Each structure stands twice: as C-alpha cells, then as structure tokens.
Amino acid sequence: MKTINDFDFKDKKALVRVDFNVPQSADLKVTDNTRIQAVKPTIDKILQDGGSVILMSHLGRPKGKVMEEFSLKNIIPEIEDVLGYEVKFCPDCLGEDAASMTGNLKAGEILLLENLRFYDEEEQGDRNFAEKLSKYADAYVNDAFGTAHREHASTAIIAQFFPSTKFFGLLMSQELEAIDKVLKSGEKPITAILGGSKVSTKITIIENILPAIDHLIIGGGMAFTFIKALGGQIGKSLLEEDKMNLALEILEKAKLQNVKVHLPVDSVIADEFSNDAEIKEVDIFEIPEEWMGLDAGGRTRDLNHDVIMNSRTILWNGPVGVFEMPNFAGGTIALGESIAEATELGAFSLVGGGDSVAFVKKFGYDEKVSYVSTGGGAMLESLEGLELPGIKAINN
Ligand code: AMP
C-alpha cells in the first residue's frame, strides 16, 4: 500500500481528495466534524514536510448546479478550527481563479477548492475534468474513504495523471488496515455481529466474510427471516418472505465452513411499532400473532456477551434492535457494553457501516472500541469483498 509516508512533500503541491461531506444544521453550521478531524494527520504530514495542500471535496448533492447552501465556504470556520491552520478558499474548482490560486500557493499553505459536485463532470467521472484538476499539483492523495466506492473524477479517474505520485492518505490506510485486521490477519476467534433491518442488504457481506470468521451473531430485524425459516412463530416481526430459503442456505454454508451461527433465542416484543407500546419478553420462536420483536431479549444478550468475551477480533455492523426508541435500545446498548469490555481486555473491534456507527457515537462507545469506520457505503462494499474504485486507482 503506497501511502503519503512513502513520499517527501517538500516544495511539492499535493492535491488531496477529502470527504468533507459533513452534516449541517439549518443555519449551515457543522453538526459533526468527525470527517474533518479524520484527515488532520494527512494534512499535518504534508505541511510538516514543507509541502502545500490543495483540498478538494464534495458537499451534499447539488447535482451539477452552483447552490449557495452546498458551498464549502460555509464550513471553512469549522475546518480552520479543527485543523488549526488558516484555510484559503477558491470559489471555483476550475477556471482562472483556481489556476492562479493553486499556482501561487506557497509551502505551508492550504487552499480549499469549491464543491466538486457543482460540476456534473465530477459524478460522471469525466476524464477531461479530472485532467484539468490534476494540473494544479505534483502529487495526488486520496484520503476520502467515505467516497472511495464511487468512480468519480476526483476519487478514481484523476489518479492516472499521477502515475508515480499517487498515494493513500493516512485515514484511508487506517481504514484499509482495520478491514484487513478482521478479514485477513485477524487474531482468532473472530466474531462478526450483523444486525439491522434486512437480510437482503447483508447477504453479500455474510457470504464474503464466512471464510474469515469463526462466529456469526445475527440480530435485529433480519434475524426474524431466519427464525421463521426455521419454523418459528414471529408474529408481525420484520420478515423478508422471499429470503427465507436464502437464510437456510446461509446457515448451511456457515456449517460447511465451520462458522458457528448465533441467532437470538428471545426477544423484547411490542404490540405496536412505538416506544409507548406494551412490552413483553418471550422465546423468539413463540411470538404471539399480533406482536412484533423489536429488541434482543435478556438471554440473547447474555449468550452474545459470552461469545464476544471469548473473541479476539470483533466486527460489528447493524443494531440488534430499534435503538432509535429508548424502550428498544437496551439490546444494542448491552452489545456495545460487551464489545467495549472485550476491547478493554485486548480484543480488536471494528464498527462499520451506517446505523451502528450512529449508535456508537450517540451512546459514547466510539471511544471504547478499537476503530469506528468513517465510511458507511464504502465500508459495506469493502466487507462485500469489492475492490473500491478509489482504492484500485491508487493500487494500479
Ligand atoms: P440497516 O440500515 O439495515 O443496518 O438497519 C438499521 C435499522 O434496523 C435501524 O433503524 C433499526 O431501528 C432497525 N432495526 C433493528 N432491529 C429491528 C427490529 N427488530 N425490527 C425492526 N427494525 C429493526
């Protein structure tokens, strides 16, 4: 893996693709600056070498139009605050301003280009557009893990114009190492925990990770398709009827590959999909007709705890209950606790992809696990075994 640590940026201009697609409030203030913090080590290294940094990013979905609310200018105060450097701004990513501002950039300076997605060419992966951007710098650095699964001009196409000076940023290499630590060089026993609502969105992940893992804990809404396929009564719980056969096939495949699958054994059920619903705890195979399972039950939490405490490597994707409602967050909190405890005792734990990341941040477990991925879709596609376009472009 060729990272920025393999290059001396002294007197060089680096074009750094970052993912500053941060959430904002109605008055455009940044509400979560994780993605800005995440690229600070990369920027520090280039500046400390004596180089200069040209930052490029997208923000939101302006779809090729210039839209004030999606201007990167709005987040400059936050970027300066987090990075601790002054950041110059270029109000366009092409044109005369961009040419002169990038041309005049001095060692130690940072310039941020305006939102790449103000041009349709970015998402189209336009070669011409990428080539124009490439003219600004001596080296290309991709540190936008959150966008690595997109084959866009600035994330993949542009790399070909830097045949010997294209590098992974430190965030990108950290993300890739974290995935490798689970799927390639993970210390055994390796446990994957998959939750969330649907089996259909996790099938490819399960099939790809089975050869690497020892235990698979299945939870959340997707567990009910397995339980029903095994002959259980699941009431009105989430079900993907057309995936029941597939669920059985997965169990069969897991057995052949010596992976122990842990399905929930009990469930916190409710008489309606509401935090105010009436609640009971029952055996997962015996959910009454009008009721639905919305969280892991106590015995399931204990069993999962035992599996997790006996694991040296843990991968977690997806909540095991409807954690957005306080009455059904307990199972996911218990899971977070177990993973935190195992991590404290030396296990490596990776949390990645969508809602589990939102969960660990909301409940403060982000400090208690080994690594929280910054890329939702990119992490899921990596777990599916795909080589992401942004990664391939640097590796080739
Ligand atoms: P996903 O995007 O597939 O990872 O699913 C995340 C969502 O699954 C969260 O919004 C949870 O509320 C939801 N979820 C987890 N467990 C259940 C359940 N038992 N029934 C319905 N939804 C669930």
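Ser-349 is in contact with Ile-314, Ile-339, Thr-343, Val-369, Ser-370 and Tyr-371, leaving aside its neighbours within four places in sequence. You can find Ser-349 in strand β16, which runs over residues 348–351. Keep in mind as you explore that this is a predicted model.

- Is Ser-349 buried or exposed? Ser-349 is buried, with a relative accessible area of 1%.

**The nonpolar cores**
- The largest nonpolar core has 104 residues, and the members that touch the most others are Leu-133 and Phe-145.
- Helix α7, residues 170–183, gives the most to this core, namely six residues.
- Both domain 1 (4–173) and domain 2 (186–383) supply at least three residues each to this core.
- What does Leu-133 touch, if we do not count residues up to four places away in sequence? Its partners are Leu-15, Met-56, Cys-93, Leu-94, Leu-113, Leu-116 and Ile-158.
- There is also a second, separate core of 22 residues, and among its members are Ala-296, Ala-329, Ala-340 and Val-369.

**Ile-179 in helix α7**
- Helix α7 is where Ile-179 lies, and this residue is buried, with a relative accessible area of 7%.
- Setting aside neighbours within four places in sequence, Ile-179 is in contact with Phe-145, Lys-184, Leu-350, Met-379, Ser-382 and Leu-383.
- Ile-179 and Ser-373 are 194 residues apart in sequence, yet their C-alpha atoms are 9.3 Å apart in space.

**Helix α3 and its two faces**
- Which residues of helix α3 (residues 76–83) are buried? They are Ile-76, Ile-79, Val-82 and Leu-83.
- These four lie on the same side of α3 because they cover an arc of only 130° around the axis.
- On the face turned away from the buried side, α3 carries the exposed residues Pro-77 and Asp-81.
- The buried residues of α3 pack against two helices, α1 (34–37) and α2 (40–49), and against two strands, β3 (88–90) and β4 (110–113).
- Just after α3 comes Gly-84, which takes a positive phi of about 80°.

**Around the ligand**
- How many residues surround the ligand? There are 15, and the closest are Ser-197, Gly-221, Gly-293, Glu-324 and Asp-355.
- Gly-221 has a backbone N or O atom 3.1 Å from a nitrogen atom of the ligand.
- For Gly-293, a backbone N or O atom lies 3.0 Å from a nitrogen atom of the ligand.
- Asp-355 takes part through its side chain, where an N or O atom is 3.4 Å from an oxygen atom of the ligand.

**Lys-392 in helix α15**
- Lys-392 is found in helix α15, which covers residues 389–395.
- With a relative accessible area of 40%, Lys-392 is partly exposed.
- Along the chain, Lys-392 and Ala-159 are 233 residues apart, while their C-alpha atoms are separated by 9.6 Å.

Technical notes:
Residues numbered from 1 in each chain as written. Predicted model: local features only at pLDDT ≥ 70, side-chain atom pairs only at ≥ 80, totals over all residues. Heavy atoms only, no water. Buried < 20%, exposed > 50% of the residue type's maximum accessible area, 1.4 Å probe, protein only. Arc of directions from axis to C-beta. Contact = heavy atoms within 4.5 Å. Core = buried A, V, L, I, M, F, W, Y, C linked by side-chain atoms within 4.5 Å. Domains from an automatic or database assignment. Near = heavy atom within 4 Å. Polar contact = N/O pair within 3.5 Å; in protein donor to acceptor, adjacent residues only side chain to side chain.
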